[in-house]
Amino acid sequence: YWCASAAAGPAFEGGRIYQGMRAERGAVSQVSVERTDARVWLRVQTLGGSQPRGICGSGLIDAIAALIELGVIDETGRMKNDLPEWQERFLSINGQKAFQLVSPQLSERSEGIVISQRDVRELQLAKGSIRAVTEVLLQVSGLKWEEVSRVIIAGEVGFFVNLRSAQRTGLLPPLPLERFFVVGNAAGAGAKLALKSVAERRRATELARKMTHVPMTGNPAYEEALMEFIGFPEF
């Protein structure tokens, strides 16, 4: 068994995101590109179905994946405001470009719900770090992604995240979706098991002893992988 931690920052919990918030009522949690023969538009959904007042981690991943699909964000993460069909959606927030997902009339924010250029950079750093750690662990184990039969995704963001959007941003590898398993609060469930069962607590202790920690600080392989995966993949 190999384990490591990624210095991903708080972006997936809404931290350091201009309109970031926790996954609670009013948070934008899903964004998708909808198309007909006549037009293309963005569909935005919130937790609880109320008017949007911010954006949580899963919504951030969805929104940026959608903007990549529309060509508003390129592979380097740069916002391009030279697309005539989306020109009226661009704003300047604190001296930087921002894209308006929801108009002020349909939200609780005076500028509407927006994604700023800095928000994109924050997501790039977070997802690049996580993906880089998984790549290093694969190198250490001598495995390739094709040999991985199951990827378990835990945590609050993992519970709500759109797997295709996570792949589009490069957070998750391009494996078949059936290999990903979303399990929610695995840490909390494990703590309950350990409290209720001496056998499970003993099993957890034995498993911890078998773990080999792979440090990332000062690890050239991690730094190289981070530079490779900080951008968005081409599809």
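My entries below cover a sheet, a hairpin, some salt bridges and a surface patch.

**Entry 1: what kind of model**

I noted at the start that this is a predicted model.

**Entry 2: a sheet of three strands**

I looked up how strands E5, E6 and E7 are arranged. They form an open sheet in the order E5-E6-E7, with antiparallel pairing. Which strands are at the edges? I found strand E5 (90–93) and strand E7 (113–116) there, each pairing on one side only. On average, neighbouring strands of this sheet are turned by 45° against each other, direction ignored.

Next I checked how E5 meets strand E6 (residues 96–102). Four bridges join these antiparallel strands.

Then I asked which strands helix H1 touches. Helix H1 (residues 57–70) packs on the sheet and touches E6 and E7. The direction of helix H1 makes about 70° with that of E7. Helix H2 (residues 117–141) also packs on the sheet, touching E6 and E7, and its direction makes about 60° with that of E7.

**Entry 3: a hairpin**

I moved on to strand E2 (residues 27–35) and strand E3 (residues 40–46). Seven bridges pair them in the antiparallel sense.

The side chains of glutamate 34 and arginine 43 meet in one, at 3.4 Å from N to O. Glutamate 34 counts as partly exposed because its relative accessibility is 23%. Arginine 43 is partly exposed too, with a relative accessible area of 39%.

I searched the whole structure and got eight salt bridges. The general idea is friendly enough: side chains of opposite charge can pair when their charged atoms come close.

In helix H2 I picked out arginine 131 and glutamate 135. Their closest N and O atoms are 3.0 Å apart in a salt bridge. Because these two are four residues apart in helix H2, about one helical turn separates them. Are they buried or exposed? Arginine 131 is buried, at 7% relative accessibility, and glutamate 135 is buried at 14%.

I then turned to helix H6 (residues 198–210), where glutamate 200 and arginine 203 lie three residues apart, about one turn of the helix. They form a salt bridge with their closest N and O atoms 3.3 Å apart. Glutamate 200 is partly exposed at 27% relative accessibility, whereas arginine 203 is exposed at 56%.

**Entry 4: a nonpolar patch**

Which residues make the nonpolar patch of about 290 Å²? I found Tyr1, Leu207 and Met211. Tyrosine 1 is in the segment before strand E1 (2–3). Tyrosine 1 has 54% relative accessibility, so this residue counts as exposed.

Methods: Residues are numbered from 1 along each chain as its sequence is written. This is a predicted model: local features need pLDDT of at least 70, side-chain atom pairs count only at pLDDT 80 or more; totals for chains, interfaces and linings use all residues. Side-chain values use heavy atoms; hydrogens and water are left out. Patches are made of residues with over 30% relative accessible area and no salt bridge: like charges are joined within 9 Å, nonpolar side chains (Val, Leu, Ile, Met, Phe, Trp, Tyr) within 5 Å. Accessible areas come from the Shrake-Rupley method with a 1.4 Å probe; for residues, only the protein chains shown count as cover. A salt bridge is a side-chain nitrogen of Lys or Arg within 4 Å of a carboxyl oxygen of Asp or Glu. Buried means under 20% relative accessible area, exposed over 50%, partly exposed in between (1.4 Å probe, protein chains only). Two strands pair if DSSP finds at least two bridges between them. Axes are lines fitted to C-alpha atoms, for helices over the stretch in contact, and angles run from 0 to 180 degrees between N-to-C directions. Contact means heavy atoms within 4.5 Å.
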